[in-house]
Amino acid sequence: DDLRLDGDALLGDADAPFDYQLLVDRSRVAWAALALGTTRAVLDYVIPYCNERIAFGEPITNRQAVAFMIADLAIESESLRMLTLRAASLLEKGRDATREASLAHLFAAEKGMQIGTNGVQLLGGHGFIKEHPVELWYRHLRAIAVVEGGVLV
């Protein structure tokens with residue numbers, strides 16, 4: 001209540017006021033990029049693991065459910081890549097990217113959690129032990145959904 005600040009406490013200056021929306025847009029693209037890199041790490045880790053993991057005398061990737069889950073991880077990660085690159089490209093060109101940044105962040109939050117969860121599931125019991133980095137990536141991907149107090153489109 002009744003807080004007073006000097007003019008030098010303002011972000012930016014009188015000639016170029018601080019653009020908060022641009023900061024939020026860049027932040028959302030950065031979070032989406034972080035999620036993208038993490039989803040790619042999950043995918044790059046689980047493919048060889050599933051190819052080498054033998055169950056019932058054959059690699060588990062021979063099971064249709066496992067193969068489909070890995071394919072879905074790849075599709076969702078590539079979709080996140082395209083959304084993130086589009087938003088980043090608009091920002092780089094100095095154009096409005098609020099919608100695209102929000103979409104990239106929303107997709108990163110939703111699909112990132114799903115990819116992390118599926119990565120853990122593909123490793124079975126090994127998915128939650130610290131010998132495999134997937135459990136750490138899973139926790140990081142879950143955090144994307146709660147940054148900025150949630151995602152608003």
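This is a predicted model: local features need pLDDT of at least 70, side-chain atom pairs count only at pLDDT 80 or more; totals for chains, interfaces and linings use all residues.
Me: Which helices do E100 and R86 lie in?

Reply: Helices (H or I, at least four residues) and strands (E, at least two) are DSSP runs numbered from the N terminus. The two residues are 14 apart in sequence, so the pair ties together separate parts: E100 lies in helix α3, R86 in helix α2.

Me: Is E100 buried or exposed?

Reply: Buried means under 20% relative accessible area, exposed over 50%, and partly exposed in between (1.4 Å probe, protein chains only). E100 has a relative accessible area of 12%, so it counts as buried.

Me: Which residues are linked with E100 in a network of salt bridges?

Reply: E100 also meets R99 in a salt bridge, at 3.9 Å from N to O. R99 has 56% relative accessibility, so this residue counts as exposed. Put together, the network links E100 with R86 and R99.

Me: Which residues touch the most other members of the largest nonpolar core?

Reply: A nonpolar core is a set of buried Ala, Val, Leu, Ile, Met, Phe, Trp, Tyr and Cys residues joined through side-chain atoms within 4.5 Å. Among the 26 residues in the largest one, the members touching the most others are V46, C50, L80 and L122.

Me: Which helix gives the largest share of this core?

Reply: At least two residues each come from α1, α2 (64–92), α3 (98–122) and α4 (134–144). The largest share is 8 residues, and it comes from α1.

Me: Which residues does C50 touch, leaving aside those up to four places away in sequence?

Reply: Contact means heavy atoms within 4.5 Å. On that basis C50 touches P59, I60, T61, V66, I70 and L122.

Me: What is the phi of F56, roughly?

Reply: Most residues other than glycine have a negative phi. F56 sits in the loop between β1 (54–55) and β2 (58–59). Though not a glycine, F56 has a positive phi, near 55 degrees.

How values were computed. Residues are numbered from 1 along each chain as its sequence is written. Side-chain values use heavy atoms; hydrogens and water are left out. A salt bridge is a side-chain nitrogen of Lys or Arg within 4 Å of a carboxyl oxygen of Asp or Glu.
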